[in-house]
Amino acid sequence: MILCWGPDLHFFFNETYIPLLGPRVDWAMGARFEEVWADALEQAMPIVREAFAGHSRRFEDLPWKLATDRGSADTWWTFSYSRILGADGEVAGLFIFTNETTKKVLADQALVESQQALIQANASLEARVEEAVGELRATEASLRQAQKMEAVGHLTGGIAHDFNNMLAGVSGALDLIESRLANGRPQEVERFTGIARGAVDRAAALTHRLLAFSRQQALDPRPTDANALIIEMADLVQRTVGPSVVLEIAPSDDLWTILVDTNQLENTLLNLCINARDAMPGGGRIEIATRNHTISTTDAADEGLSPGAYVLLAVTDAGGGMSPEVVAQAFDPFFTTKPMGEGTGLGLSMVYGFAQQSGGQARIVSEVGRGTTVVLELPRFEGEPSRREPILMKAELRRAPSGKTVLLVDDEPSLRAVAAEVLEEMGLSVVEASDSLSGLRILQSNVPIDLLITDVGLPGGMNGHEMAQAGRLARPGLRVLYITGYAETALGDADGRLEADTALMTKPFALDAFADRVQVMLSAAPSGD
């Protein structure tokens, strides 16, 4: 529609402009603007003045309150203003091209409202989803806590049951020993000391297995040839599993060296072979095999290990196999499929913990009716295997080098007492300390010390390892024997190997084995010689 204004603001319009005027159309032609739209005068006049001054303007979607015979209505328009020049070049009037955009504006508003409604709906949905996820996470956390507490309860129940049995055996044996001595029957004491010793040995084995499962046992890793170790222990394994089981050794050629505690590896393999024998009550075949294995980056996540080179040790039986449900629980502590009283359920958990603490992994491959294979994956060590320590005869073990002095540091008085007794029986002089500070003072004094025997967990501000390191500043080349029941801190280098002139024993230990180790350390030449 077109609207034409003269210089005196009278205006004229074409037929398409008639709807905009409504009931005023009969008298509006030629009338002044303020007569027709007095209510819009304030809104329109600034625009008109700019147009007359030569500023062509265009207004998009301009709101306009339109008067009708039914009152007023909100409408939107697009206005384009341009001047009309007369023959003399003076402004003769304005052309105003007008187009109603109410439908478009209303449609745009509806679209914006829809978008806002959608945004609000999405926000509400996200809030509901977040709330649901939060509730799910809380439920999962509660479930994990319940499962954790169930596992802890199962574990502590198993520990309490086994330890109570063992303590009952020790307590009962001690009561009978006291009774027999009081009644003048000492000849019967030996039987009951044997019972007490057996219960203590079983308690020590249980503690060892628990520490192995929790990956907190003290290890003495050394570069090891797994093939040689397996071949050396083949006779022991065969005697243990009995004549109804055929033992086969399948060593791989050019097997890589591994860094491992050889005693613990021997115990692990022996336990696995005993489990394999128990899975074949009528006899059968056990195979111990080794091979090199490289884990790629792609396979690392599936195997639960870092990419790299590993040595695999596999113990396979021809028994009845395990169901997937049993395999999933086989490494759990105190889980066993054996009848009550025929197993603690800690054997495989110990295997799992030992493999993990050695930087590797343990896994089970089994199928019902097709036997079971337990695989140890241990990381390769770049180096040559170390030589095994020589085993001395008992007669030699009691002849300690004369004139030697041992510093014994432990916060447990009873252990210091029995250890000192053994050392003195060997002909050694013993200096005792109950904490790290006292031990360090002795090490920094002029007292001659040929061997330091120390617990790792000590009061006094330093642990046993820190005390020994400080003592070696004053006594380079000092021999150190650590005795510990728990892997409180790392004792070795970056590869896990013990330092030179250093050894480790795990509590509790047999006093004969303790004497053996002391004898070997005092008799060996210092590493610097």
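Leucine 312 is buried, with a relative accessible area of 4%, where buried means under 20% relative accessible area, exposed means over 50%, and partly exposed is in between, as found with a 1.4 Å probe and protein chains only. The place of this leucine is in strand β10 (residues 308-317); strands (E, at least two residues) and helices (H or I, at least four) are DSSP runs, numbered from the N terminus. The model is predicted, so that local features need pLDDT of at least 70 and side-chain atom pairs count only at pLDDT 80 or more, while totals for chains, interfaces and linings use all residues. Residues are numbered from 1 along each chain as its sequence is written, and side-chain values use heavy atoms, with hydrogens and water left out.

**Around leucine 312**

- Leaving aside neighbours within four places in sequence, leucine 312 is in contact with Ala289, Thr290, Arg291, His293, Arg363, Val375, Leu376 and Glu377, where contact means heavy atoms within 4.5 Å.
- Leucine 312 and arginine 291 are 21 residues apart along the chain, and their C-alpha atoms are separated by 5.3 Å.

**The chain as a whole**

- The secondary structure of the chain comes to 17 helices and 17 strands, and buried residues make up 39% of its 529 residues.
- Among contacts in the chain with a separation of 6 or more, 63% are between residues 24 or more positions apart.
- The accessible surface comes to about 28400 Å², of which 54% belongs to carbon and sulfur atoms; accessible areas come from the Shrake-Rupley method with a 1.4 Å probe, and for residues only the protein chains shown count as cover.

- Leucine 265 touches Leu229, Ile258, Val260, Leu313, Phe354, Leu376 and Leu378, not counting residues up to four places away in sequence.
- Helix α9 has 17 residues and reaches 24 Å from its first C-alpha to its last, close to the 24 Å expected at 1.5 Å a residue, the expected span being 1.5 Å times one less than the number of residues.
- The buried residues of α9 are Thr262, Gln264, Leu265, Thr268, Leu269, Leu270, Asn271, Leu272, Cys273 and Ala276.
- At the start of α9, a side-chain oxygen of aspartate 261 reaches to within 3.1 Å of the backbone nitrogen of asparagine 263.

- Threonine 224 lies in strand β6 (residues 222-224) and, at 4% relative accessibility, counts as buried.
- A polar atom of the side chain of threonine 224 lies 2.7 Å from the backbone oxygen of arginine 222.
- Isoleucine 258 lies in strand β8 (residues 258-260) and is buried, with a relative accessible area of 0%.
- Not counting residues up to four places away in sequence, isoleucine 258 touches Arg222, Pro223, Thr224, Ala226, Leu265, Val311, Leu378, Pro379 and Phe381.
- Isoleucine 258 and proline 379 are 121 residues apart in sequence and 6.2 Å apart in space, C-alpha to C-alpha.

- In helix α16 (residues 464-474), Gly464, His465, Met467, Ala468, Ala470, Gly471 and Arg472 are buried, and the buried residues of α16 pack against β13 (405-409), α15 (436-443), β15, β16 (479-484) and β17 (502-506).
- Asparagine 463 caps the N-terminal end of α16, with a side-chain oxygen 3.0 Å from the backbone nitrogen of histidine 465.
- Threonine 454 lies in strand β15 (residues 451-455) and is buried, with a relative accessible area of 0%.

**The aromatic pair**

- The structure holds one aromatic pair, and rings of Phe, Tyr and Trp (its six-membered ring) pair if their centres lie within 6.5 Å, with planes under 30 degrees apart counted as stacked, over 60 as edge-to-face and the rest as tilted.
- Phenylalanine 331 and tyrosine 352 form this tilted pair, at 5.2 Å centre to centre and 35 degrees between the planes.
- Phenylalanine 331 lies in the loop between α11 (324-329) and α12 (347-357) and tyrosine 352 in helix α12, so the pair ties together parts that are 21 residues apart in sequence.

Key: A polar contact is a pair of N or O atoms within 3.5 Å; within protein, one must be able to donate a hydrogen and the other to accept it, and residues adjacent in sequence count only if both atoms are side-chain atoms.
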